[in-house]
Amino acid sequence: MSSERYSLFSLLRESLRGHAGWKPAWRKASPQAAYDIVIVGGGGHGLATAYYLARRYGIRRVAVLEKGWIGNGNIGRNTTIVRSNYLLPGNAPFYECSMKLWEGLEQDINYNAMVSQRGVLNLFHNDAQRNAYIRRGNAMRLHGIDAELLDASAVRAKLPFLNFDDARFPIQGGLLQRRGGTVRHDAVAWGYARAADQLGVDIIENCEVTGITIVNGRVTGVQTSRGPIAAGKVGLACAGNSSRVAAMAGLRLPIESHVLQAFVTEGLKPFIDCVTTFGAGHFYISQSDKGGLVFGGDIDGYNSYAQRGNMPVVEDVVEGGMALMPRIGRVRLLRQWGGIMDMSMDGSPIIDRTPVEQLYLNAGWCYGGFKATPASGLCFAHLLARDEPHEVATAYRLDRFGRGAVIDEKGMGAQPNLH
Amino acid sequence: MRLNCPHCGERSLEEFTYRGDATVRRPALDAPAESWVDYVYLRENPAGRHEEYWYHGAGCRAWLVVERDTTTHMVHGVRPAGAASENARSES
């Protein structure tokens, strides 16, 4: 177990030693025979869960099982945006809890995650959309979340190069959450992994769960590609593959897996200083600290586990970009990739017990999982440790679909590819 | 990914709209609520071969059942929906 603490002093010391003394950020743990809690899935949510279990709930005999390597899944495939600009009462307190955890994350886990509260600006293009954003902004403020309505001239002062006078979609203003922004996504995975490891959590990579052992309706452990592991409780946090893993326990979930593509361009000098979203199409963009434009749009819209998408959505995303921000037309694309989204039937996540005793589920994050990482970890840890939902996650129940208590932020109904 | 429409031939993806799993079956009107919850919300979501509805809106406007591998996007077969499912019409 490494106890090294990152600080200005350790940086200076290593600078003088030619940086030869840095240790791996976490151990390459091998599975033990038994744990109190086994987390299936070493993504951001699984690692955060393990960290908060050890840190806040004092449960340290915890293993995180990852079928690939840390940072290979959606934690390394998103567009790094964090925000809490939600409308519905079931969502707003949860995402605000996440926002507050982001604000203190780097001190908490002693890791530079490059948390940058550069603001998230959602543009509107007509009166109805402005009214909807006023309503959203007011709902946010009632929940104690910052929201600010900008008119066209205020947006123009901030981002003068946008296509303000487009004939079809003139920019009338935007809803700004100044506390939103971006966080270096890989660093979130590495930071949580390191912090959890330092508290004694075993992070076991290249360990695929192949079966869930259930005796008399109660989970007793998992089978893996590296042998059986006994567990008091098992938590599933394997978004993208939730249906496949839950099927090992005989569960059918209200989830479809879909592919979402994202893009990054060559590095440019800084010119977009906040996360900006187009209101007339689905397009969102920010500029990374390295200078690349990071952007994305809609999911492809059909079930997929392929981690790659098709050209029509590439075209759609780029058209959105050109409509909003014509000056990016000659920028060259550097990389494009796909990640598998857990698209739930109402567009909202699930953090709950399952019908199988001692088996817990964290799933259905759609394409909003990254911003939720800290609160998802905290709430899942709370559920695993206390066997009751965390106060900001009481709405994320698995049975809400049957009860008619769906949390449909977009009002699309049971159409996962439209959320 | 291109779909080989039985009426129009091979066409690009932009011409089609996706409607999800084609194996779910609408329960009887007087079926218990659990059957309806199952039908509306729960899905197998397989990694592998998947039967799914596609609507050829920019072509013949027919509903199709496509068998496709969700891990590779390989299309194994396309057939008109009416012949495959008594629910195709009511679901559209």
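B:Tyr41 counts as buried because 21 C-beta neighbours lie inside 10 Å; a residue is called buried if 20 or more other C-beta atoms lie within 10 Å of its own, exposed if 12 or fewer, and partly exposed in between, with C-beta atoms placed from the backbone. The structure is a predicted model, in which local features need pLDDT of at least 70, side-chain atom pairs count only at pLDDT 80 or more, and totals for chains, interfaces and linings use all residues. Residues are numbered from 1 along each chain as its sequence is written, and chains are lettered from A and ligands numbered from 1 in the order in which they are written.

B:Tyr41 belongs to helix H1 (residues 33–41) of chain B. Helices (H or I, at least four residues) and strands (E, at least two) are DSSP runs, numbered from the N terminus. Apart from neighbours within four places in sequence, the contacts of B:Tyr41 are A:Pro254, A:Met345, A:Phe401 and A:Ala414, a contact being a pair of residues whose C-beta atoms, placed from the backbone, lie within 7 Å. Between the two chains, 21 residues of chain A are in contact with 19 residues of chain B. On the side of chain A that touches chain B, at least two residues each come from helix H7 (242–247), strand S12 (255–267), strand S15 (292–303) and helix H10 (400–403). That side has ten nonpolar, eight polar and three charged residues, where Ala, Val, Leu, Ile, Met, Phe, Trp, Tyr, Cys and Pro count as nonpolar, Asp, Glu, Lys and Arg as charged, and the others, Gly among them, as polar.

Chain A contains ten helices and 18 strands. Its radius of gyration is 21 Å, close to the 22 Å given by the globule rule for 419 residues, so chain A is as compact as a globular protein of that length; the radius is taken over C-alpha atoms, and the rule is 2.2 Å times the number of residues to the power 0.38. The C-alpha trace of chain A spans about 65 × 60 × 40 Å along its principal axes. Of the 419 residues of chain A, 53% count as buried. In helix H1 (residues 8–16) of chain A, by contrast, the number buried among the nine residues is zero, so this helix lies largely in the open.

The domain assignment of chain A gives domain 1 (27–84 + 86–111 + 185–253 + 346–418) and domain 2 (120–181 + 257–343), with bounds from an automatic or database domain assignment. The centres of the two domains, taken over C-alpha atoms, are 27 Å apart. Their contact takes 25 residues from domain 1 and 30 residues from domain 2. H3(A) gives the most to the domain 1 side, with four residues.

The largest nonpolar core has 125 residues, and A:Val38 and A:Val40 have the most contacts inside it; such a core is a set of buried Ala, Val, Leu, Ile, Met, Phe, Trp, Tyr and Cys residues joined through C-beta atoms within 7 Å. Helix H3 (residues 92–109) of chain A gives the most to this core, with nine residues. Both domains of chain A give residues to this core, so it lies between them. A second, separate core of eleven residues includes B:Cys5, B:Trp54, B:Trp63 and B:Val65.

A:Gly267, in strand S12 of chain A, counts as partly exposed because 14 C-beta neighbours lie inside 10 Å.
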